[in-house]
Amino acid sequence: MRKYSSLNSITIIAVVTAITVTITGCSTAATGTAKPGANGRSGTRQMTVETQQVKLSDIGGGQVFTGSITPAFTTNLSSKVNGRITSVDVNVGDRVKVGQALAHIDTTTLQQSVEQSKSDVALSQAQYSKVVNDQSNSVALAQKALAVQQAAYEKTINDQKNAVALAQAQLNNAIAAQQNSIESAKQGVSNAQASFSKAQADAATAVTVAQTNLNSQLDSLLTTQNNNIVTYQLNVQQAVAAYNTATDKAGAMAKLQSAQLQLQQAQQAQYKDTQSAQQSLTNLQNALLTAQSSQSVQVAQESLNAALLSLANTQGTAAAQIELSRTQFAQSQSSQDIAKNSAEATLDQSKQSLMTAQSTDSLQVSAAQLQQSQTKLKLLSEQLQDGVLTSPLDGIVSNILVPVGQNTGQSAVMSIASFDPVIATVNVSEASVGKFKAGLSMSVNVPTLNKTFEGTVYIVHPTMDATSKSYLIDIKLKDDKHELLPGMFATSSLKSEGKQSIVVPADAVLSQPSGNAVFIVKDGKASKVLVKIGVMTSSSFEITSGLNVGDELVVKGQELLSDNVPVQVGQPGQDAGGAGKGNGQGGKGSQGGQNGQGSQGGQGQNQGQGSQGGKGGQGQGQGQSGQGQGGQGRSGGQGGQGRSGGQGQGTDQGGAKPSPNGADAGTSKAGAGQ
């Protein structure tokens with residue numbers, strides 16, 4: 001940029017000198033011929049300029065990134081059916097909506113197939129209806145037969161239940177009767193046992209009483225005899241004592257012998273009484289045995305035996321009767337089971353017949369045939385609908401690949417570029433890619449439209465482009481008016497992050513030997529102010545010093561101004577130097593090298609009094625020249641500016657000579673292509 005500025009400075013000095021001489025000559029001639037006005041002043045010419053008030057604006061990071069408008073994605077549409085393209089209903093560049101018809105394909109053969117398939121469906125439907133009716137009749141007959149068998153089965157079950165209930169009742173009655181008989185026999189045995197026990201108890205009581213009496217008598221006898229013997233023994237002892245002391249031994253001996261004789265008699269009497277008592281006890285025992293074997297006891301014993309025998313007989317009879325009743329009950333149950341099984345078999349056969357009648361095998365076959373024919377018809381109908389190629393998305397027709405009259409085959413018919421969302425893809429160097437994150441606010445300028453769009457970073461591509469050594473950044477834009485088209489050149493820059501500064505149009509800043517300068521209007525005169533430039537973009541410069549908020553900045557016509565020249569602030573469209581009409585058409589700047597800024601210049605015409613010609617594009621590599629035509633205007637079109645390659649040239653008809661960089665012939669502008 002410094003080299004470029006040095007070259008410009010040399011050229012600018014020469015051009016400024018020529019213009020100054022020209023203006024001086026014109027001024028001298030005018031002074032010589034002009035008449036004084038009413039106020040006594042000379043007829044000095046006032047320059048007409050356009051101005052804007054200096055104010056603070058948001059600024060971005062200063063870096064500008066180039067790229068182009070790209071679709072979100074491109075869909076290549078192909079036809080599902082083969083056939084000849086009969087019509088294409090859109091042109092390249094047309095905007096289409098979802099479902100919009102794009103092309104038509106010859107479907108005559110498909111229509112014939114559809115008609116044939118409709119006939120097949122009708123035939124299958126008739127066959128299916130016949131199978132349904134036949135099955136309905138068979139099912140009705142089978143259901144009727146099943147109802148009859150069901151009733152017979154239920155009657156058999158009820159009859160068998162009644163028979164079993166009767167046999168069960170008989171068995172229960174027999175068991176109850178036998179149990180009553182056994183209980184009666186048991187009661188007889190119990191009574192006989194009681195009588196026998198009572199007879200034995202009575203006999204035992206009698207013997208016990210007799211034995212008690214005998215024992216009492218024996219005890220009394222033995223007591224008396226013992227007392228007598230003791231008395232006699234005492235008498236003997238006294239007689240012995242008397243004999244031992246008696247003088248009359250004979251008399252004493254007689255007494256002693258008499259006492260001994262009494263003692264012996266008493267002992268003999270005791271022995272006889274004991275024998276007699278023993279004999280009485282034996283007799284008593286015999287009497288007891290006799291009492292035990294008496295007739296009453298025997299009668300009681302016989303009654304008990306008879307009762308026991310009756311009980312045994314009753315139990316045997318009862319067991320036999322119960323067994324007979326159980327056998328009859330089992331036979332009744334067996335009969336019921338046989339009848340039940342027979343009825344169940346008949347009922348199952350009827351159910352099987354009903355299931356056979358309800359079988360859907362033939363119905364399923366017929367339904368499958370109908371479904372097959374319907375599916376075939378549906379597929380053919382869909383293929384027939386596919387004969388009209390419709391758009392699957394909203395977008396722009398980017399290419400038509402198959403012309404009318406050509407068969408489609410398997411190849412794509414046309415391409416649709418989706419602009420939902422609208423994407424601007426720019427190249428970002430490796431040093432700057434770290435600044436970009438998804439959602440970051442961006443400002444995108446499209447020179448073709450001379451319009452700036454707001455957007456946000458959508459995708460940061462993670463791989464570097466091997467050719468450009470840069471990363472691709474996709475920026476999602478807001479394009480509510482659908483002005484953007486694929487391939488449009490675009491430049492982008494980071495939006496302001498809250499920093500505000502004085503920002504002026506790039507054209508308002510002039511590069512002069514003394515430095516960058518602007519003109520402001522002060523007291524009706526142009527005042528040159530030297531400024532310092534901060535952040536630069538293709539369309540605006542940040543002014544870091546020299547200007548104040550509120551200054552009236554000259555933005556048009558500043559190229560021919562000098563310090564303290566009287567000026568007149570005109571309306572937009574008025575020429576700053578003459579009264580002729582001019583048309584300017586900006587040239588197109590080609591996109592060349594990798595690093596420069598290039599845009600495709602718009603084509604436009606400005607009509608006014610001495611209007612400036614259209615601007616040429618800024619080319620990356622080699623910018624094409626911009627040509628401007630004006631009546632008596634100052635300059636031609638502004639040529640392309642590029643970092644490398646040739647510079648654009650501006651042609652001025654009726655004005656200044658062309659300058660090497662395509663700028664004004666008077667004073668060059670500050671700044672250059674990046």
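1. Leaving aside residues up to four places away in sequence, I69 touches F419, V422, I423, A424, V446, L477, L484, L485, P486, G487, M488 and A490 (contact: heavy atoms within 4.5 Å). This is a predicted model, in which local features need pLDDT of at least 70 and side-chain atom pairs count only at pLDDT 80 or more, while totals for chains, interfaces and linings use all residues. Residues are numbered from 1 along each chain as its sequence is written, and side-chain values use heavy atoms, with hydrogens and water left out.

2. I69 is among the residues with the most contacts inside the largest nonpolar core, which has 24 residues (a core is a set of buried Ala, Val, Leu, Ile, Met, Phe, Trp, Tyr and Cys residues joined through side-chain atoms within 4.5 Å; buried means under 20% relative accessible area, exposed over 50%, partly exposed in between, with a 1.4 Å probe and protein chains only). Elements giving it two or more residues include β3 (65–70) and β14 (470–477) (strands are DSSP E runs of at least two residues, numbered from the N terminus). A second, separate core of 21 residues includes L102 and L393.

3. Strands β5 (residues 85–88) and β7 (residues 101–105) run antiparallel, joined by three bridges (pairing requires at least two DSSP bridges). S87 stands opposite H104.

4. The peptide bond between D420 and P421 is cis, with omega about 10°.

5. H482 is not a glycine, yet its phi is positive, about 55°. H482 lies in the loop between β14 and β15 and, at 48% relative accessibility, counts as partly exposed.

Definitions and conventions. Helix = DSSP H or I, 4+ residues; strand = E, 2+ residues; numbered from the N terminus.
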